[in-house]
Each structure stands twice: as C-alpha cells, then as structure tokens.
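Thanks for coming, everyone. I'll keep this short. Please have a look at the structure first.

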Amino acid sequence: MKGKVLVTGGAGYIGSHTCVELINEGYEPVIVDNFSNSERFVIDRIREITGVKCSLIEGDCTNQNFLESNLKSLDLVGCIHFAASKAVGESSKLPLKYYHNNIASTVAILAVLEKINCPNFVFSSSCTVYGQPDILPVTENSSIKPAESPYGRTKQMCEDIIRDCYNAGQGIKAFALRYFNPIGAHPSALIGELPLGTPNNLVPFITQTAIGKRAELTVFGNDYNTPDGTCIRDYIHVVDLAKAHVKAIKKLIVSNESVFDVINLGTGHGNSVLEVIESFEKVNGIRLNYKIGPRRNGDVEKVYADCSYAKDTLNWKTELSLEEALKDAWNWEKTL
Ligand code: UD1
C-alpha cells in the first residue's frame, strides 16, 4: 500500500468512485462520512468492487476536535475533501446550512491537516464558479463571476481559503478541481448517484423517468442561442473524474514544493440537453417521455471546459464517452 488517504464524504457519489480508484492505484482510503446524504451500503459495495474494506470514521467534518482525535494517529499521506452540501436550490433557502457545512468543514480539515503535518489536499470545486462564461471553452484563467447561489459562493470561498493558506507560506500543497457535469455510475452498477427526493440534475431525472418513477422529463427551454435551442454542458463520466482525483493527490504526494492550483475537469466538448436525451434513447434502446418546457431560472446557456491544463498538469484526460456514461447510469438505475 502506498499510504492512507483521507476521503471526506467518501460514501457519496464522487467520493465512493474515488475510493475505488484509490484502491486500484494501491492507496488505502480512510472514509469520514456522517451519512447525511449517502448510504452505509456504499462501503460494502466498494469492498465488493475492489476486494478491500475501507476504514470508516463516522462523524461530522465541521467538528475539529472529532477530526483531530481520529486522524492524529493515522499517518495520512493526503486528503481529498468532498464532504459538503450540494443542492443549488436548497442553498438559496437554507444559506446558513451551506455556509456551515461547506465552509466550517473546510476550515476544520485544513486546521487539522496542518497540525498533523499532512500538507497534501485536493478540494472538490465546481465550474459553477465561472457563471456564464464570456469565452468558450472555459480555461482556468476565465473570470470568476459573482456566484448565482450560496452553494456556488461556498465553492468560491473555499478556494479563497485554501489560496490564503498557501499564501501564508505554511507549506500546503493543494489542488482545487473544478468539475463540469459529473454523470454516470460505476460499470459494475454497484455504486452510483443516489439523489434525495426529486432529482434536480438532468441524468438522474432521465433515468428515473425511463424507469417510471417520474411521469415525464421537462426540457428547460429550447429557445437558447444553441444549434438545437437547448442548453449545452460538458458531461463527464464519474469514473474519469475519480481517476483525476487519484492523479491529483499522487502528484501532490510526490512533489516537494508548496503549491495551490485550480484545474478544470471536463471532456472538452459540450452536448445539448436534446443530444443527451437522444443518446440515452439510442444506447439503451428506450423511448423517453419528455416535453419542452420553459427555461429554468439561473441556467447558463452553454458551458464546456478547456481541459488542456489537466492534461499538462496531471497527465489526465477523459477516456469514457457520453454513451458509456448514459449506459452505466441506466444500469445503475435498474438496480435501485
Ligand atoms: C448543476 C449545478 C452545478 C453542479 C452541477 C452538477 C446549477 C445552476 N448548477 O449544473 O453547480 O456542479 O449541477 O451537479 O444548478 N435540465 C432539463 N431538465 C431537467 C434537469 C435539467 O432540461 O429536469 C437541463 C438544465 O436546464 C441544464 C442541463 O439539463 O441545461 C443540465 O442541468 P443539471 O444536470 O441540473 O446541471 P447544471 O445546471 O449544469
């Protein structure tokens, strides 16, 4: 084993896939999770996929004393911090929940990592920090727009907090990974996304409609300035995304220099909502019940990543297609 990596929120959607890829690369993930938006069975599923049982520390990442007492004897080589609340709409209704969970946990973890001399830190950020970009594709130098929601603001603030720690010269080594739209599930169909209640995101809504949990999908607007009138996003397979995290933490572990950098993680091309629907229908041989509805408030027209920096810095690019992601998402839905 190459060392223990703390994975906060390791039972969650991206966290669980990252634990699998860490194990595949010889690391030992140690999960901290309070199961506020994840299920315990995920820990067993990671073992089913990899044959390795992850250590689990159950509790809340906003509690610095809890973190310190549990982590100080672990001899961690790094930390990947996913634990956060992530529902954009909810964040406007419950802003303090988001500021508390997302900011307090990041501050507590950074403080504990400093105390236990573990400088290697990968942060789960989002392309939401760019808002509606002026120029496409979006590079890491694109301007950061005022956030559209408290959720988005917490991602911007956490990036600033990490940058301040770097500027303070205490030796932190950190990457903030800005994800575009993560979709899909593990090809084993043993782990995947588990949305609470009605999904807000497109792909879980598609799979739930296809299985009959939802009567119909509404496409939010077809009068955008795009080839078919529907919004364009950069959909990235969650397994590709998970592999990028492993490359990121590995790079920090082997490097001797303090660093803070932000890296876009996407495929580099955009697909419209209608293209995603057509592709889902084609690859899975299903007809989807959908209608065109009005625009959704706050949606940006098009956004997709320039991923050349991820290629240069991490030697990473996506390997899986939109079709594979939609096939895996459907196979996962069928097991639920
Ligand atoms: C959202 C979040 C973003 C987060 C990302 C992945 C916002 C503003 N942003 O991005 O911070 O990182 O999810 O979790 O919410 N659509 C439909 N019908 C539906 C659902 C979605 O047409 O029922 C369309 C949307 O209008 C959009 C596209 O599908 O054009 C993707 O939507 P969604 O999956 O919610 O992701 P984003 O809004 O891009």
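I'll talk about the ligand surroundings, then about some ring contacts.

One caution before that: this is a predicted model.

Start with the ligand. Which residues come nearest? Of the 20 residues around the ligand, the nearest are Leu-202, Thr-218, Arg-233, Arg-296 and Asp-299. By class, that shell has eleven nonpolar, six polar and three charged residues.

Where do the shell residues sit? Strand β8, residues 217-220, helix α7, residues 202-211, and strand β7, residues 181-183, each supply at least two. The largest share comes from β8, with four residues.

The side chain of Arg-233 has an N or O atom 2.5 Å from an oxygen atom of the ligand. For the side chain of Arg-296, the distance to a ligand oxygen is 2.9 Å. Asn-200 takes part through its backbone: an N or O atom there lies 3.3 Å from a ligand oxygen. How much of the ligand is buried? Taken alone, the ligand exposes 740 Å², and the protein buries 85% of that.

On to the rings. The structure holds two aromatic pairs. One of them is Phe-280 with Trp-330, edge-to-face, 5.8 Å centre to centre, with 80° between the planes. Phe-280 lies in helix α9 and Trp-330 in helix α11, so the pair ties together parts 50 residues apart in sequence. Are these two buried or exposed? Phe-280 counts as buried, at 0% relative accessibility. Trp-330 also counts as buried, at 9%.

Last, charges over rings. The charged end of Arg-295 sits over the ring of Tyr-224, 3.9 Å from the ring centre. Arg-40 has its charged end over the ring of Phe-35, at 4.4 Å from the centre.

Key
Residues numbered from 1 in each chain as written. Predicted model: local features only at pLDDT ≥ 70, side-chain atom pairs only at ≥ 80, totals over all residues. Heavy atoms only, no water. Phe/Tyr/Trp six-rings, centres within 6.5 Å; stacked < 30°, edge-to-face > 60°. Buried < 20%, exposed > 50% of the residue type's maximum accessible area, 1.4 Å probe, protein only. Lys NZ or Arg CZ within 6 Å of the ring centre and 35° of its normal. Near = heavy atom within 4 Å. Polar contact = N/O pair within 3.5 Å; in protein donor to acceptor, adjacent residues only side chain to side chain. Areas by Shrake-Rupley, 256 points an atom, 1.4 Å probe, with all protein chains shown as cover. Nonpolar A, V, L, I, M, F, W, Y, C, P; charged D, E, K, R; others polar.
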